[in-house]
Amino acid sequence: MTMNALKHLISIKRLNPELLFDDIIPACIDMIPVAKKAKPLRCDNGLKTVLFFDEHSTRTRMSFAEAVRLLGWHAEQETLACNSRNKKESWMDTLMMWHNYNTRLVCTRTHQEGVPLWLAEMVEKYDLNMGIINAGDGRNQHPTQTILDLVTIQQKLGRLHNFKIGFVGDLLKSRTAHSLLDALRMCSNISVVCVAPENVQLPQHHAEGFANFIQGADMELLRDCDVINVLRWQVERIEANSPEFLAFLRIKQKYQINKKLLEFLKPTIIILHALPIDQEVEEIAHDIMDDSRVIPYQQSWFGPPSRMAVLQMIANNLLTKISFNHNKVTIDEIKNIPLDEALIATRNKQHDHFIPLKNGTVIDHLEPETGIIIRMMLKTMADLHNGVITVENKSPKKDIIVIKEQFLPKEIMTRIAGLSPGVTFNIMQDGRFRKIKIKQEQQVISGIGTCLNPNCVTRSGEPGIQPRFINEGKNSHPFGCDYCGQHFTLAEILPLHV
Ligand code: NCD
């Protein structure tokens, strides 16, 4: 599910490498001299941009505001203190108000994961002619930070390939690390070392796509790195006095970048940090902040030009209509014969589950245990069908589903195939028997199940939002929530116990 033109910026994963490295990064670099002049561009069409921040921010908020100013546009800053989100307004209603009052670009920083994707989907569904930029959603993604990190690395190291990068700190909850890793996965010959105590190390799926990926708790692993990205401990995302919090208090000093460690690192190392540094923890020791290898302040300077480029590119595509679902789905018709012929053939095989249906659909070849879930799903899919689907099950021996007198639209068949990729649909209609299979590029499970992350927008009670998971790999937790990015097993997301 990648985008070819930058219409919204939701996550790094949704960009294709050409768009990121051939268009966005060069556009950011071209903006550097413009931002250096610090004089607004003359712009005939000063677009209205809303900066909505429900989490604290200095750099991201200010650099978006400065980018908007330098483009000659108008920025309106909104926080929870002034916005009706504080009165439990839905995201949809907030979005409609931004739209009604002529907002063209919306940059959101939200404590909840998945909000930007949901907003962008609503923009496309209702043709709202707006662009959505994710300025950080919970622990999930922070794509504009990644873009400016890449610009910094490009400017300081002179390349975006062939280097070794270390990440130190709270890898589990740092969205800056998750986004940057997604971008580095698209670069060639990158070695990654992640250093963190065990309770905040990355889940296994993050290692996928890297030839060299090491994770451990020992700072010695940072030897030979060309770049180190230091991460703040995301204490606001854990409960005070929880076991994780107490463990953090015990170990925080162990992961500090200080004078002694600098001596042991490559002399040409560059040390990045998205900032803020926690002044009590000092994940980078205060007394090395003016060392020429420690460059978070220079890094943050690349914020405005990078965000100018992103804003401008999105503004250029405002009238483009995009679809978030690029999953290629095809219907494969395996059989199309007269119904009488099919009935005789089946009767001759003497299947004990045989049901001589003349008009309707039989769903067959379901994966073990999925029959019960699909039956449940069909009963509740009134939104995709005219009314409730009546399911009969006359075959206790085989997991097949019989739907008399009804036919399923492609969307429903695709959803079923997402759950059970080998499924076949036998359609008896107008005296013909058709057997079809649905093929899709990605296995997508939508409209059923629950994301286990309580902070995911799909758990917010937002009207209309439905869970969606994508099978992303061969690891132990392959199903990634498309909104919040967290990964689960099939058994975790589906109501198998029902
Ligand atoms: C980061 C963020 O908000 O995720 N900061 C930023 O955007 N400059 C990092 C952090 O807060 O730890």
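E220 lies in the loop between strand 7 (212-216) and strand 8, where helices (H or I, at least four residues) and strands (E, at least two) are DSSP runs numbered from the N terminus. At a relative accessibility of 47%, E220 counts as partly exposed; the term buried denotes under 20% relative accessible area, exposed over 50%, and partly exposed the range in between (1.4 Å probe, protein chains only). E220 and L265 are 45 residues apart in sequence, and their C-alpha atoms are 9.2 Å apart in space. The model is predicted, so that local features need pLDDT of at least 70 and side-chain atom pairs count only at pLDDT 80 or more, whereas totals for chains, interfaces and linings use all residues. Residues are numbered from 1 along each chain as its sequence is written, and side-chain values use heavy atoms, with hydrogens and water left out.

A residue is taken to be near a molecule or strand if one of its heavy atoms lies within 4 Å of it. The residues around the ligand are R59, T60, R109, H142, Q145, R175, T176, R232, Q234, A274, L275 and P276. Polar contacts are pairs of N or O atoms within 3.5 Å; within protein, one atom must be able to donate a hydrogen and the other to accept it, and residues adjacent in sequence count only if both atoms are side-chain atoms. A ligand oxygen atom is 2.7 Å from an N or O atom in the side chain of H142. For the side chain of R175, the corresponding distance from a ligand oxygen atom to an N or O atom is 2.7 Å, and for that of Q234 it is 2.9 Å. Helix 2 (59-70) and helix 6 (175-184) are the elements that give two or more residues to the shell around the ligand.

Two residues of this shell were considered individually. T176 is found in helix 6 and, at 14% relative accessibility, counts as buried. Leaving aside neighbours within four places in sequence, T176 is in contact (heavy atoms within 4.5 Å) with H142, Q145, T146, L231 and A274. P276 lies in the loop between strand 9 (270-273) and helix 9 (296-301), and a cis peptide bond with an omega of about 5° joins L275 to P276. Most residues other than glycine have a negative phi, and most peptide bonds are trans.

Positive phi values were also found. A38, although not a glycine, has a positive phi of about 55°; A38 is located in the loop between helix 1 (17-37) and strand 1 (48-53) and is partly exposed, with a relative accessible area of 35%. E405, likewise not a glycine, has a positive phi of about 60°. This residue is found in the loop between strand 12 (401-404) and helix 13 (410-419), and E405 is exposed, with a relative accessible area of 55%.

Helix 4 (residues 115-125) is mostly covered, as 10 of its 11 residues are buried. The buried residues of helix 4 include W118, L119 and E121. Those buried residues pack against helix 3 (91-100), strand 3 (105-110), strand 4 (131-137) and strand 16 (468-471). Helix 4 is followed by D127, whose phi is positive, near 50°.

Rings of Phe, Tyr and Trp (its six-membered ring) pair if their centres lie within 6.5 Å; planes under 30 degrees apart count as stacked, over 60 as edge-to-face and the rest as tilted. By this rule the count comes to 8 aromatic pairs. W233 and F248 form a tilted pair, with 5.5 Å from centre to centre and 45° between the planes. This pair links distant parts of the chain, 15 residues apart: W233 is in the loop between strand 8 (227-230) and helix 7 (243-251), and F248 is in helix 7. Both W233 and F248 are buried. Ring pairs link W233, F245, F248 and Y255 into a cluster.

Charged groups over rings were also identified, the criterion being that NZ of Lys or CZ of Arg is within 6 Å of the ring centre and within 35 degrees of the ring normal. R85 lies over the face of W91, at 3.9 Å from the ring centre. The charged end of R307 sits over the ring of F64, 4.9 Å from its centre.
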